[in-house]
Amino acid sequence: IEGYRFDVQAHYDTARRAARESIVLLKNDDGILPLSTDTKLAVIGEFARTPRYQGSGSSHIPPTRMTSFLDALSDAGIEAAFAPGFTLDDSEQDAALRDEALRTAQDAQTVVVFLGLPSEAESEGFDRTTLDIPRKQTELLTALAAVNKEIIVVLSNGSVVSVEPWRKQAKGIVES
């Protein structure tokens with residue numbers, strides 16, 4: 001179109017609005033959500049820093065701009081302790097990452113845990129054999145629930161996952 005000029009900021013604003021409006025609250029026991037801005041918060045999970053927002057392979061479209069959950073907290077002036085908890089590949093759980101996550105969670109009022117699927121699990125080139133989140137993530141959630149009962153899980157995935165195996169370990173679940 002003659003004279004058309006791509007407006008990066010307008011595109012970003014539209015994408016953020018669409019993302020915000022597509023979030024679905026799946027569970028909210030004891031009214032754990034919404035959180036107060038003065039809640040002593042721990043954020044656990046690499047997906048809080050490295051979002052999983054779509055499928056993989058040829059369905060992956062690189063954004064012009066990306067804001068992670070940690071970025072959004074910082075932009076809002078909200079402080080939170082962060083621990084990655086796990087890696088985003090199919091390697092075994094790293095004990096040091098797990099232990100750091102447990103230490104971070106036990107001192108918080110509320111723990112927001114980002115769980116999801118690695119890119120290897122989300123591609124149109126093969127059929128998935130399970131709807132489960134990787135074991136190292138669900139095992140970390142179990143360990144976190146043993147040190148802090150105030151847990152909110154944020155799902156960070158580009159395709160469907162099962163919440164049934166672990167849903168009782170979280171007071172809140174949000175599909176993002």
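**Close-up views of a predicted model**

View 1. Arg-65 sits in the loop between β2 (41-44) and α2 (69-75). Helices and strands are DSSP runs numbered from the N terminus, a helix being H or I over at least four residues and a strand being E over at least two. This is a predicted model, in which local features need pLDDT of at least 70 and side-chain atom pairs count only at pLDDT 80 or more, while totals for chains, interfaces and linings use all residues. Residues are numbered from 1 along each chain as its sequence is written, and side-chain values use heavy atoms, with hydrogens and water left out. Patch residues have over 30% relative accessible area and no salt bridge; like charges are joined within 9 Å, and nonpolar side chains (Val, Leu, Ile, Met, Phe, Trp, Tyr) within 5 Å. Buried means under 20%, exposed over 50%, and partly exposed in between, with a 1.4 Å probe and protein chains only.

**View 2. A nonpolar patch that includes Phe-6.** Tyr-4, Phe-6 and Val-8 make up a nonpolar patch on the surface, and together they have about 310 Å² of accessible area. Such areas come from the Shrake-Rupley method with a 1.4 Å probe; for residues, only the protein chains shown count as cover. Phe-6 belongs to the segment before α1 (8-22). With a relative accessible area of 39%, Phe-6 is partly exposed.

**View 3. Asp-30 and Pro-34 in the loop between β1 and β2.** Asp-30 is found in this loop, as is Pro-34, where the strand β1 spans 24-28. The phi angle of Asp-30 is near 55°, a positive value in a residue other than glycine. Leu-33 and Pro-34 are joined by a cis peptide bond, with omega about 0°. Most residues other than glycine have a negative phi, and most peptide bonds are trans. Asp-30 is exposed, with a relative accessible area of 67%.

**View 4. The salt bridge between Lys-171 and Asp-30.** The closest N and O atoms of this salt bridge are 3.2 Å apart. A salt bridge is a side-chain nitrogen of Lys or Arg within 4 Å of a carboxyl oxygen of Asp or Glu. Lys-171 is buried at a relative accessible area of 19%, whereas Asp-30 counts as exposed. Glu-150 is linked with Asp-30 and Lys-171 in a network of salt bridges. The structure holds nine salt bridges.

**View 5. The salt bridge between Lys-136 and Asp-89.** Here the closest N and O atoms are 3.5 Å apart. Lys-136 lies in helix α4 and Asp-89 in the loop between β3 (80-83) and α3; the two residues are 47 apart in the chain, and the pair links distant parts of it. Lys-136 is buried, with a relative accessible area of 9%, while Asp-89 is partly exposed at 36%.

**View 6. Residues of helix α3.** Helix α3 covers residues 95-106 and contains Ala-96. Ala-96 is exposed, its relative accessible area being 54%. Phe-86 is ten residues from Ala-96 in sequence, and their C-alpha atoms are 9.3 Å apart. The side chains of Arg-98 and Asp-99 form a salt bridge at 3.5 Å, N to O. Asp-99 is partly exposed at 33% relative accessibility, and Arg-98 is partly exposed at 31%.

**View 7. Asn-148 and its contact with Ala-105.** Asn-148 is placed in the loop between α4 (135-147) and β5 (151-156). The side chain of Asn-148 reaches the backbone oxygen of Ala-105 at 2.9 Å. A polar contact is a pair of N or O atoms within 3.5 Å; within protein, one must be able to donate a hydrogen and the other to accept it, and residues adjacent in sequence count only if both atoms are side-chain atoms. Asn-148 is buried, with a relative accessible area of 7%.

**View 8. Glu-122 and Gln-54.** Glu-122 is part of the loop between β4 (110-116) and α4. A relative accessible area of 3% makes Glu-122 buried. Gln-54 is 68 residues from Glu-122 along the chain, and their C-alpha atoms are separated by 8.4 Å.
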